[in-house]
Amino acid sequence: MARGGFVTYTRVSTDRQGKSGLGLEAQRDAVRTYLNGGKWHIIAEFVEVESGRNDARPALDEALAAARLHRAPLVVAKVDRLTRSVAFLTKILSSGVDVRFCDLPQVEGPAGRFMLNQMVAVAELEAGLISDRTKAALKAARARGVKLGGNRGSVVTDAAREAGRAAGAARARSRAADLAPTIAALKAEDITSASGIAAALNAKGIPAARGGEWQAIQVQRLLARLGT
């Protein structure tokens, strides 16, 4: 049962289809059916008029940015509305967005693009299974009274610490880039103070970096990263 907010992406191949709505309504119906039941709402809908062979997709870029901004899933009616290129699909699925297809697991096209490139490689499934087995083993160990965590003699090197800091900084820069258009729009509305921007972001339902509501100090850090 679907809950929360979702971003949707639909695509048609010609201007005539886009203007007439031909094909779009069927995709919207598929999305509504997929989300049927529960308390859900559409945060934003993005419509692309472009050939599936063209990987230049401004509306898709906006949809992915909106999904990252709101930390919401991106729902696509059919895999072939997104792309017919496995390489491009793999790139999209690696974008940090939870992409959901209404027609999976019944993927169409040459044996479902070999079942969506083996459902974008069985490795992803295997990684999930390994994670589940690890969690189950840890839970069983706790039940037996085994003490977990703590320092078992391992040493975190300076290089590892630096790599961790660099990864965190990269995530912060990426998040700031996603928020930049929203911040610019708020400033255009004469909302310039850190507290005012925090209130506006909260009103828009945009979560802070670690979830929860924005505070003025977080906005100040964001503005510093953006250089504004």
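Helices α8 (residues 158-188) and α9 (residues 194-203) pack with their axes 11 Å apart, at an angle of about 115°. Axes here are lines fitted to C-alpha atoms over the stretch in contact, and angles run from 0 to 180 degrees between N-to-C directions. This is a predicted model, in which local features need pLDDT of at least 70 and side-chain atom pairs count only at pLDDT 80 or more, while totals for chains, interfaces and linings use all residues. Residues are numbered from 1 along each chain as its sequence is written, and side-chain values use heavy atoms, with hydrogens and water left out.

So much for bookkeeping; back to the helix pair. On the α8 side, Leu179, Thr182, Ile183, Leu186 and Lys187 meet Ile197, Ala200 and Leu201 of α9, with contact meaning heavy atoms within 4.5 Å. Sorted by class, that contact has six nonpolar residues, one polar and one charged.

Now for α9 itself. Its buried residues (under 20% relative accessible area, 1.4 Å probe, protein chains only) are Ala194, Ile197, Ala198, Ala200 and Leu201. They sit on the same side of α9 because they cover an arc of only 165° around the axis, the arc being that of the directions from the helix axis to the C-beta atoms. Their cover includes α8 and α10 (216-226). Just after α9, Gly205 takes a positive phi of about 75°.

On to the cores. A nonpolar core is a set of buried Ala, Val, Leu, Ile, Met, Phe, Trp, Tyr and Cys residues joined through side-chain atoms within 4.5 Å. The largest one has 19 residues, of which Val7, Tyr9, Leu60 and Leu74 touch the most other members.

Leaving aside neighbours within four places in sequence, Val7 is in contact with Ile43, Ala44, Phe46, Ala63, Ala66, Ala67, Ala72, Pro73, Leu74 and Val75. Another core, of 16 residues, lies apart from the largest one and includes Ala176, Leu179, Ile206 and Trp214.

Zooming out, the protein chain has ten helices and four strands, taken as DSSP runs (H or I, at least four residues, for helices; E, at least two, for strands) and numbered from the N terminus. Of its 228 residues, 30% count as buried.

Definitions and conventions
Buried means under 20% relative accessible area, exposed over 50%, partly exposed in between (1.4 Å probe, protein chains only). Ala, Val, Leu, Ile, Met, Phe, Trp, Tyr, Cys and Pro count as nonpolar, Asp, Glu, Lys and Arg as charged, and the others, Gly among them, as polar.
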